[in-house]
Amino acid sequence: MITNEVVNKSEFAYDQLEKMITFRELKPGSMVSEKQLSELLDVGRTPVREALQRLSYERMVEIHPRRGIQIPLISLESQLKILEVRRDVEALCARFAATRATGSEQSRMTKLANQLEECANMHDDFLYARLLKQIHILLVQVAHNEYLELAMAPLQGLSRRFWFAYKDEQTDLADAAHLHAAILRKIVAGDPVAAIEASHALNDYLTTMARRTIDV
């Protein structure tokens, strides 16, 4: 039987490992073991295994039986392929959300939009990443379609990892915050056409930003 304690530890392991992958504390291309990760996080192997299964689905790790867990490399080619798919799927989320969001969901969206823009001026990457993930999760939830949730999770996580690896400290925090906030505010306004346009603007920026890395 799975207890609440195991679930909580699994959630902790997932959050910590995702953060370590996003911020390259676990190096792209490196191989690690369940045992190493368990010791690193000071939790049992079962919660780590549960977390790794989620991260594997999201393509944040590759599990190789009897060899270990590999952290995928970060590449421009992969990011551009991700953004090709994310552009239309995220726009669909935005369209549904603009017509389906409840009052409480709209309030949460407004709050998160404000918090992300404020955080951009603080240059706190960890807080920014936490708020950004909350926005990504909420956007899909407000669409009220669980199949979109299945599609979006890998696209959002991998896209975030690339962005944090190559963002410009001076401009990208603010630019991305304003673009994400614009989507949320158009959804709150109940305007599906404007929400789609805002979503496309975000993905156009992400594509331009990705291509900029060629010169990095």
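Arginine 87 lies in helix α4, where helices (H or I, at least four residues) and strands (E, at least two) are taken as DSSP runs and numbered from the N terminus. With a relative accessibility of 27%, arginine 87 counts as partly exposed, on a scale in which buried means under 20% relative accessible area, exposed over 50% and partly exposed in between (1.4 Å probe, protein chains only). The C-alpha atom of arginine 87 is separated by 30 Å from that of alanine 13, the two residues being 74 positions apart along the chain. The structure is a predicted model, in which local features need pLDDT of at least 70 and side-chain atom pairs count only at pLDDT 80 or more, whereas totals for chains, interfaces and linings use all residues. Residues are numbered from 1 along each chain as its sequence is written, and side-chain values use heavy atoms, with hydrogens and water left out.

Helix α4 (residues 76-100) packs against helix α9 (residues 192-212) at an angle of about 165°, and their axes are 8 Å apart. Axes here are lines fitted to C-alpha atoms, for helices over the stretch in contact, and angles run from 0 to 180 degrees between N-to-C directions. The two helices α4 and α9 are therefore roughly antiparallel to each other, given that angles under 35 degrees count as roughly parallel, over 145 as roughly antiparallel, 65 to 115 as roughly perpendicular and the rest as oblique. The crossing of α4 and α9 is right-handed; a crossing is given this name if the near helix is turned clockwise from the far one by less than a right angle, and is left-handed if the turn is anticlockwise. The residues of the contact of α4 with α9 comprise twelve nonpolar, six polar and seven charged, with Ala, Val, Leu, Ile, Met, Phe, Trp, Tyr, Cys and Pro counted as nonpolar, Asp, Glu, Lys and Arg as charged, and the others, Gly among them, as polar.

Grid points are joined across faces, edges and corners, and a volume is the space filled by probe spheres set on the points. By this rule there is one cavity of 30 Å³ or more, and the largest cavity holds about 70 Å³ of space. Its lining consists of Arg86, Tyr128, Leu132, His136, Ser159, Arg160, Trp163, Ala176, His180 and Leu206, and the elements that give two or more residues to this lining are α6, α7 (146-166) and α8 (172-188). By class, the lining of the largest cavity has five nonpolar, three polar and two charged residues. Alanine 176 lies in helix α8 and is buried, with a relative accessible area of 3%.

The largest pocket holds about 690 Å³ of space and is lined by 27 residues, of which Tyr14, Glu18, Lys133, Ile137 and Arg160 lie nearest its centre. Two or more residues of this lining come from each of α1 (4-22), α3, α6 and α7, and α6 gives the most, with nine residues. The lining of the largest pocket divides into ten nonpolar, seven polar and ten charged residues. The second largest pocket has a volume of about 420 Å³ and is lined by 18 residues, with Arg59, Pro72, Ser78, Ile82 and Leu158 nearest its centre. Helix α4 gives the most to the lining of the second largest pocket, with six residues, and the classes of that lining are ten nonpolar, three polar and five charged.

Two loop residues have positive phi values. Aspartate 42, which is not a glycine, has a phi of about 60°, lies in the loop between α2 (34-41) and α3 (45-57) and, at 69% relative accessibility, counts as exposed. Histidine 123, with phi near 55°, is placed in the loop between α5 (103-120) and α6 (125-143) and, at 45% relative accessibility, counts as partly exposed.

Notes: 1 Å grid on protein atoms, 1.4 Å probe; cavity = no way out; pocket = protein on both sides within 12 Å on 5 of 7 lines; lining within 4 Å.
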